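I set aside some time to look through this structure slowly and to write down what I looked up, one topic at a time.

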Amino acid sequence: MSTLMQTRQLDIRCGGKTLLGGLDLQIQPGQCWVVLGRNGAGKTSLLKTLAGLLPASGGEIMLDDRPIGRLPPKQRAQRLGLVFQHSDPGFHTSTLEMALSGGYARRGHWAWENAGEVLQAQQALAEVRLADLQQQSLESLSGGELRRAEIARLLVQAPALAMLDEPLNHLDIGQQIAMLQVLRRHFVASDRALLLVLHDINLARRIASHALLMYGDGHWRAGPVQQVADIHTLSDLLGYPLQQFDSDSGPMASIDFSHAGF
Amino acid sequence: MGMSQTLNKRAQALLGAGLALGAASLLLSLLIGSADIGPSEVLRHLLGDDGSINDRIIDQLRLPRSLSAFAVGGVLALAGALMQVLLRNPLGDPYVLGVSGGAAAAVLLGMLLSLPLLWLTPLAFAGALLSMLLVFALGHRGEQGDTTRLLLTGVVMAAGWSALISLTLSLSPPLQLPGMLFWLMGDLSDALSPWPTLGVLALGLLLAMWLAPQLNLAVYGLQQAAVLGVDPRRLRVQLYFLASLLTAAAVSVAGAIGFVGLVTPHLVRLLGASDHRILLPVSVLFGGSLLVLADSAARTLISPMQLPVGVLTAVLGVPVFLWLLSSARHR
């Protein structure tokens with residue numbers, strides 16, 4: 001199967017500081033990647049760079065074996081999606097309009113959204129449990145509802161590689177699991193892949209097949225999650241002692257509270 | 001398929017209201033004036049030519065002026081709608097980036113130097129163009145999607161032009177001052193033929209409609225639009241130049257008429273249009289109508305004297321806008 005995305009010797013620098021040096025990454029269809037690292041390690045910059053929104057400081061990013069910058073915007077949008085960490089609805093639009101906007105890259109220039117597309121957007125909203133709020137204006141949504149509306153738009157966009165920057169922000173535990181299920185169902189498939197920035201290491205280790213650890217000083221580790229995301233490596237990465245214990249549903253990581261002082 | 005399926009009732013109602021308002025305002029503007037001409041007579045003069053005084057009043061005075069007003073109002077509303085998306089700021093208006101300031105400074109300098117009247121329109125356009133290019137060159141760097149820098153550059157440039165305008169006014173002989181002030185407040189009495197402006201309006205609307213699907217994405221931010229398949233840099237440049245050129249055209253015809261460009265797109269948004277394929281044409285119709293009504297009032301309220309139409313647009317626009325804003329609820 002062909003590689004969806006590949007980076008070669010990718011460098012990311014920000015304000016004179018090297019965040020990531022010489023990254024070689026291969027994302028294959030069917031994989032679920034999770035990016036882990038401390039605040040400011042460059043996770044968001046990495047996602048924006050991979051999406052072609054920020055220039056790389058060095059190296060190459062290939063999407064479908066073509067340099068990302070060479071792809072026409074509409075074609076790129078059909079292959080690659082990104083849900084930002086923060087969003088601002090801007091002007092008054094409805095939840096349904098937002099979901100519909102995901103289909104832009106597939107529409108003809110003068111074409112209006114047809115009934116099939118409206119139905120598809122409504123189904124996406126139903127999947128993220130927003131069916132009742134489709135006529136609601138975005139400004140009136142809660143933080144978690146807005147997050148789910150963005151995921152609905154991603155489902156409509158249906159890219160081959162879906163990247164989400166902390167998609168579980170603002171979501172309660174039930175919604176976190178529900179959204180991960182939706183994302184898995186849509187994007188961890190034979191011809192698609194998922195890349196998530198997460199802070200919950202238990203969810204990360206549970207859902208991901210692969211992990212990219214970013215140390216924020218240029219260093220990185222990437223590979224299958226069992227190999228690179230063991231408890232000692234994660235303690236070192238996140239700069240806080242963690243411990244592992246066995247639960248009924250498998251090994252769980254926990255903060256070692258003996259150092260917390262409370 | 002096609003428009004009808006998703007062109008919902010609200011959009012149809014808005015387009016219908018805009019068309020009706022446009023027709024009604026134009027007709028009304030032909031009816032009122034110092035010469036008393038009834039509706040049937042107006043229609044007769046519009047359709048035929050009987051060589052009478054009234055015929056000439058309709059065909060050569062009122063109609064061209066009303067059409068000019070409509071075109072300028074439409075252009076300003078369109079420019080405002082585009083500027084608000086470009087700056088992602090509902091307070092964006094055609095003048096916020098200093099385009100009108102450049103035009104005004106150039107025209108006032110021309111008046112101070114007693115240049116022929118015919119020069120003033122090209123002079124205004126040149127001033128607007130100069131300001132536009134300056135702001136673009138200085139404010140258009142920076143990160144993708146960063147509009148703060150552009151906005152700040154424009155606002156600072158506008159302040160600079162404003163100082164130059166004040167300087168020119170203070171140096172001008174008292175006899176020239178009223179003419180200058182009128183120009184500053186916006187005035188349609190010098191508008192000659194409406195056709196060039198109507199042409200600008202038609203072309204501008206066509207180009208804007210071409211951009212409309214991308215504008216629907218740009219409201220979520222240019223980076224988000226880029227993720228969904230828009231070239232953000234190109235869209236920003238296209239938006240900037242289209243909005244600025246439209247503003248320059250309006251300013252050179254009628255001076256700096258305030259409020260139409262700010263209030264009209266806002267009003268149309270508050271009435272429920274968020275799709276730019278609806279919002280843009282409805283804004284044009286509403287903006288044109290607003291200026292036709294304001295201009296009719298400006299030339300008749302204290303006739304034979306004329307008021308600057310910019311004062312009237314504010315007097316009409318402010319209460320309507322405030323009322324809409326306070327009665328708008330979250331849906």
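Predicted model: local features only at pLDDT ≥ 70, side-chain atom pairs only at ≥ 80, totals over all residues.

In chain A I looked up an open sheet of six strands, which follow the order E6-E7-E8-E3-E9-E10 with mixed pairing. I then asked myself which strands stand at the edges. They are E6 (80-83) and E10 (220-224) of chain A, and because each has a single partner strand, one side of each is left without a neighbour in the sheet. From one strand to the next, the twist averages 15°.

Entry on the contact between chains. I noted that chain A gives 31 residues to the contact and chain B gives 25. On the side of chain B, the elements that give two or more residues are helix H1 (3-6), helix H9 (195-218) and helix H10 (222-227), and the largest share, four residues, comes from H10(B). By class, I recorded 10 nonpolar, 11 polar and four charged residues on this side of chain B.

Entry on the core. The largest nonpolar core has 174 residues, and Val72(B), Val75(B) and Leu82(B) have the most contacts inside it. Helix H4 (residues 53-86) of chain B provides the largest share of this core, 16 residues. Which residues does Val75(B) contact, leaving aside its neighbours within four places in sequence? I listed Thr197(B), Val200(B), Leu201(B), Gly204(B), Leu246(B), Ala249(B) and Ala250(B).

Definitions and conventions: Residues numbered from 1 in each chain as written. Chains lettered and ligands numbered in written order. Pairing = 2+ DSSP bridges. Axes fitted to C-alpha atoms, helices over the stretch in contact; angles between N-to-C directions. Contact = placed C-beta atoms within 7 Å. Nonpolar A, V, L, I, M, F, W, Y, C, P; charged D, E, K, R; others polar. Core = buried A, V, L, I, M, F, W, Y, C linked by C-beta atoms within 7 Å. Buried ≥ 20, exposed ≤ 12 C-beta atoms within 10 Å, placed from the backbone.
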